[in-house]
Amino acid sequence: MKKRSLSSGAEQGRSLKRKVKAQSINFAVIGDSHVGYGNSSVIFRNLLPQAVSSGNKRFVIFGGDNAQAGANHGSNADAFYKDFKDTVTCTLGSIPYKASIGNWEASTRSLFTKYLGAAAGQMDFPGTQGKVRYVWLDCALGKFTPESLKLLKNLDDRYYYIIDFHWPLKVSGITVDPSHVLSGTETGKFFAAIPVKVRDRVLAIFTHHGHKFYRKLAHIYPGFSKTKFFVTGCSGDYKCKPGDRGYYNATLTLNGTAATVDAYRVTVM
């Protein structure tokens, strides 16, 4: 029997390494469309196609206050939710999406779940073959629900995580109006709920509500040196001006056992 040379084995090993290519999954993160307020419906209908038309988007995150559902004691909530859902369905087609619940939707939870599903939960992040989980939480009223904290406590270190919820965390250096940021107590509850062994598996946290863009890319909180933190701005007419509106183009990269998330703002006039 002919023996395979060491050099031949080394070449085969190098060949296998060359075949392992980094995988990129593009997605969009959109917050505060406030459909039902002012000219928000038209603005959102123009913004959403731009957000999903480039980069082969595999997933879309909507971060709460998707509809101005609580206005006028919710008398028009059903119509506002339907308007938002119809725009999303028509524009996204087969692209999967998930919506978090915002403060303007908190008083109409039954309609939120009717049109947009559960207010908190987790799922496989599309395109990752189960390696990355997407978690969305309910802090619509400025406090995390018990269900949301339980989800965090049960995170498993076999997976990476991308997390979304409406109110921004109170992290060092944040430039969002303090009235639109979670309290230090709620921020502490969030971080403490995540098991120690999972903390370096949390790739990114996306939040909204502040009607501006902000990001912090490292050391957002003690024990979370690798997690990136983002706040989105406006995708509607509520407390937004031309030039302030936009969304995040984001990319999740899987390279062997490593994973990273990057996101940059796209401005819409």
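The buried residues of helix H6 pack against helix H5 (146-153), strand E6 (160-164) and strand E7 (202-207). This is a predicted model. Its whole structure holds 1 disulfide, which joins Cys234 to Cys240.

**Helix H6**
- H6 covers residues 184-193, and its buried residues are Glu186, Thr187, Gly188, Phe190, Phe191 and Ala193.

**Gln68**
- Gln68 lies in the loop between strand E2 (57-62) and helix H3 (77-92).
- Beyond its neighbours within four places in sequence, Gln68 is in contact with His34, Val35, Gly36, Tyr37, Phe80, Trp104 and Tyr238.

**Hairpin of E10 and E11**
- Strand E10 (residues 246-255) pairs with strand E11 (residues 258-267) in the antiparallel sense, over 10 bridges.
- Within this pairing, Ala250 stands opposite Ala263 in E11.
- The hairpin has 2 residues between the strands, and Gly256 takes a positive phi near 65 degrees.

**Cysteines**
- In the disulfide of Cys234 and Cys240, the S to S distance is 2.0 Å.
- The link of Cys234 and Cys240 is left-handed, with -90 degrees about the S-S bond.
- Cys234 is buried at a relative accessible area of 0%, and Cys240 also counts as buried, at 8% relative accessibility.
- Cys139 counts as buried at 0% relative accessibility.
- The closest cysteine sulfur to that of Cys139 is in Cys234, 17 Å away, and therefore too far for a bond.
- Cys90 is exposed, with a relative accessible area of 68%.

Key. Residues are numbered from 1 along each chain as its sequence is written. This is a predicted model: local features need pLDDT of at least 70, side-chain atom pairs count only at pLDDT 80 or more; totals for chains, interfaces and linings use all residues. Side-chain values use heavy atoms; hydrogens and water are left out. Buried means under 20% relative accessible area, exposed over 50%, partly exposed in between (1.4 Å probe, protein chains only). Helices (H or I, at least four residues) and strands (E, at least two) are DSSP runs, numbered from the N terminus. Contact means heavy atoms within 4.5 Å. Two strands pair if DSSP finds at least two bridges between them. A disulfide is a pair of cysteine sulfur atoms within 2.5 Å.
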